[in-house]
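Hi,

Here is the structure I promised to send over. Have a look at it first, and my notes on what turned up follow below.

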Amino acid sequence: MASLISVLACSLTVLSVHGLYSASDDVVELNPSNFNREVIQSDSLWLVEFYAPWCGHCKNLAPEWKKAATALKGIVKVGAVDADQHNSLGGQYGVRGFPSIKIFGANKHKPEDYQGGRSSQAIVDAALNALRSLVKDRLGGKTGGTDYGKQKDVVELTDDNFDRTVLDSDYVWMVEFFAPWCGHCKNLEPEWTAAATEVKEQTKGKVKLGAVDATVHQGLASRYGIRGFPTIKVFRKGEEPEDYQGGRTRSDIVARAMGLYSDNSPPPELQEILNEDVLKKTCEDYQLCIISVLPHILDTGASGRNSYLEVMRMMADKYKKKTWGWLWTEAGAQMDLESSLGIGGFGYPAMAAINARKMKFALLRGSFSETGIHEFLRELSVGRGSTATVGGGALPKINTVEPWDGKDGVSPVLHDLSNPETDLLLKKHLNIFCKA
């Protein structure tokens, strides 16, 4: 009998310890399963007590907390977390002692510590003051939320917009999964924000940086197996996401983003030199401009020319990570350009690489083939290869010409030399042939 009484007494003690709040109270019992839904995702102001059932001060506070909850019903939400049982929530919000009371207002991820008295009146007064402050902020246009929400270049991603914004996008995404309480995440935030702005500018918005609060959007965190914070993943349309393993500084993030941009960007455009603007813009806007002078159309026909152009496009794609421009012209169309680069004395096709800032150029001495051009450009990439000064020390005069129509050339008719245009075409072709 004594044993039975002892067991009952022990059971009653346990029940009383874990019975600070019940479903009949106006205090909302919070736990890891409902905290984000009830508190973080809510527009309401919340007062949350973190307590331990064995804590004497918590037991003393309980009746006052219940009175405050009843008085504030429908106005301010009042909750309680058994931090002894749900210690992950306590750790998340830096709870070090019991009871701890926090006010979750405009920025739910950075609650304020309640430092007032422990009577129901003091609690109600503090709640109403916090409510006034919240309303005033909203009238002034402040919406709270995460710090990333204030950064226009870091896209705030959620369970609702992730698939539409990231997975269905044609852009490449670098996405950070973070937790507001995570120290490493706080250290990363300014680097991530600065990188987002720089990446947006350098990739013209083709690579985007986003952020997911994994404590709120737990479905996303679970889907992508997030186990620690911060975790960064790279998303490309139609591919499995990959983990980012690089450094956490702005420069590290930008470097990776630029690599992703190059991997997923089309090769630079191969342009025919039709006028002075084409040459000037390409050579002045890029680190190097690669210029090919191809044989006259009468020497190769359309198929031969297209073969040369295809080699150039292949090389432009191979070296697309370089900030180089790619140009071509027909032999004889831009004689001043050929002269300034010393082209023509050893036949066509020919290729030169110009650094317009230094007015230096290098000539392809090997074969005009994928292998020969690759060797030439590889030497340039590592700063090797002989160079010379552009003739005249400036970009030469460029003639305005009609674009190639993609067709075979038409041979001039010898008996029609009275036609000035035919005469000029014939002389140009004969001149090129003799030089070659």
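Once neighbours within four places in sequence are set aside, Gly105 is in contact with Leu45 and Leu134. Bear in mind that this is a predicted model. You'll find Gly105 in the loop that runs between strand E4 (100-104) and strand E5 (112-113). Is Gly105 buried or exposed? Its relative accessibility is 17%, and buried means under 20%, so Gly105 counts as buried.

How many disulfides does the count come to? The answer is 1 disulfide. Cys283 and Cys289 form it, with their sulfur atoms 2.1 Å apart. The torsion about the S-S bond of Cys283 and Cys289 is about 90°, so this disulfide is right-handed. As for the solvent, Cys283 is buried at a relative accessible area of 1%, and Cys289 is buried as well, at 0%. I looked at two further cysteines too. Cys58 has a relative accessible area of 0% and is buried, while Cys182 comes out at 5% relative accessibility, which also counts as buried.

The rest of my notes are about helix packing.

Start with H3 and H5. The axes of helix H3 (residues 56-71) and helix H5 (residues 120-139) come within 8 Å and cross at roughly 45°. H3 and H5 are therefore oblique to each other. H3 passes H5 in a right-handed crossing. On the H3 side the contact is made by Leu61, Glu64, Trp65, Lys67, Ala68 and Ala71, and on the H5 side by Ser120, Ile123 and Val124. Sorted by class, the residues of this H3 and H5 contact are 6 nonpolar, 1 polar and 2 charged.

Next come H7 and H9. Helix H7 (residues 183-202) and helix H9 (residues 250-264) have axes that come within 8 Å and cross at roughly 35°. The crossing of H7 with H9 is right-handed. H7 brings Leu188, Glu191, Trp192, Ala194, Ala195, Glu198, Val199 and Gln202 to the contact, and H9 brings Arg250, Ile253, Val254, Ala257, Met258 and Tyr261. What does the contact of H7 with H9 divide into? There are 10 nonpolar residues, 1 polar and 3 charged.

Last, H11 and H13. The axes of helix H11 (residues 297-318) and helix H13 (residues 370-381) come within 10 Å, and they cross at roughly 40°. That makes H11 oblique to H13. H11 and H13 cross in a right-handed way. Which residues meet there? From H11 they are Val311, Met314, Met315 and Lys318, and from H13 they are Glu370, Ile373, His374 and Leu377. The contact of H11 with H13 has 5 nonpolar, 1 polar and 2 charged residues.

Cheers

Methods:
Residues are numbered from 1 along each chain as its sequence is written. This is a predicted model: local features need pLDDT of at least 70, side-chain atom pairs count only at pLDDT 80 or more; totals for chains, interfaces and linings use all residues. Side-chain values use heavy atoms; hydrogens and water are left out. Axes are lines fitted to C-alpha atoms, for helices over the stretch in contact, and angles run from 0 to 180 degrees between N-to-C directions. Helices (H or I, at least four residues) and strands (E, at least two) are DSSP runs, numbered from the N terminus. Angles under 35 degrees count as roughly parallel, over 145 as roughly antiparallel, 65 to 115 as roughly perpendicular and the rest as oblique. A crossing is left-handed if the near helix is turned anticlockwise from the far one by less than a right angle, and right-handed if clockwise. Contact means heavy atoms within 4.5 Å. Ala, Val, Leu, Ile, Met, Phe, Trp, Tyr, Cys and Pro count as nonpolar, Asp, Glu, Lys and Arg as charged, and the others, Gly among them, as polar. A disulfide is a pair of cysteine sulfur atoms within 2.5 Å. Buried means under 20% relative accessible area, exposed over 50%, partly exposed in between (1.4 Å probe, protein chains only).
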